[in-house]
Amino acid sequence: FFGRFVAMRALSSLINELSEEEAGAALLRCCGSHRWVNSMLSQRPFREDKGLYGAAEKIWFSLGQNDWLEAFSKHPRIGERNLEKTEASTRSWSQNEQSGVDNSDRETKDRLLAGNRAYEEKFGHVFLICATGKSACEMLESLEQRLGHDAGTEIKMAAREQSKITRLRLEKLVNQ
């Protein structure tokens, strides 16, 4: 517990101590929305990590749909292993987050691929899920369920998933 507290405490200090450019680059690794990053930078200095995490979530949910779509566009498809289009700074994070797909069978991978295509065709953006700790079957089940949503419901669902991903990635910043 104490070690986790120390690591969490270090995040606000890290973000505060970096130059504007360095902090912006670090935050952009966590969330691909430039408005989110700029708003986070304007909130510095953070007194504690709780305030940083609170600001991250509050700012995220205050943004508009175009900002959300910008962030979503920085993520690879679930199960996609050709990550050339993924930002180099987040490529290894994406691979680790989606590692539940690695040992899945061919049928599951094919269904994920088809589901990703159907999702993008219906909603116009990548299927977004906080994949950390989830198996390919869990992700596929969620994908298939969410295909039944209307666009308004789904954009909010994807935004909640991005918020979870951002939180996890903020925590990763101190452990690089």
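Reply: The general idea is that side chains of opposite charge can pair when their charged atoms come close. The model shown here is predicted. A search of the whole structure finds eight salt bridges.

Me: With which residue does R111 form a salt bridge, and how far apart are the closest N and O atoms?

Reply: The partner of R111 is E144, and their closest N and O atoms are 2.8 Å apart. R111 belongs to helix α7 (residues 106–123) and E144 to helix α8 (residues 136–146), so this pair ties together parts that are 33 residues apart in sequence. R111 counts as partly exposed, at 38% relative accessibility; E144 is likewise partly exposed, at 38%.

Me: Is E154 buried or exposed?

Reply: Buried means under 20% relative accessible area. E154 has a value of 0%, so it is buried. Its salt-bridge partner is R146, with 2.5 Å between the closest N and O atoms. R146 is buried as well, having a relative accessible area of 2%.

Me: Where do E171 and R167 lie?

Reply: Both residues are in helix α9 (residues 151–173), four residues apart, which is about one turn of the helix. E171 and R167 form a salt bridge whose closest N and O atoms are 3.1 Å apart.

Me: How does relative accessibility classify E171?

Reply: E171 has 18% relative accessibility and therefore counts as buried, the limit being under 20%. R167, at 35%, counts as partly exposed.

Terms used: Residues numbered from 1 in each chain as written. Predicted model: local features only at pLDDT ≥ 70, side-chain atom pairs only at ≥ 80, totals over all residues. Heavy atoms only, no water. Salt bridge = Lys/Arg side-chain N within 4 Å of Asp/Glu carboxyl O. Helix = DSSP H or I, 4+ residues; strand = E, 2+ residues; numbered from the N terminus. Buried < 20%, exposed > 50% of the residue type's maximum accessible area, 1.4 Å probe, protein only.
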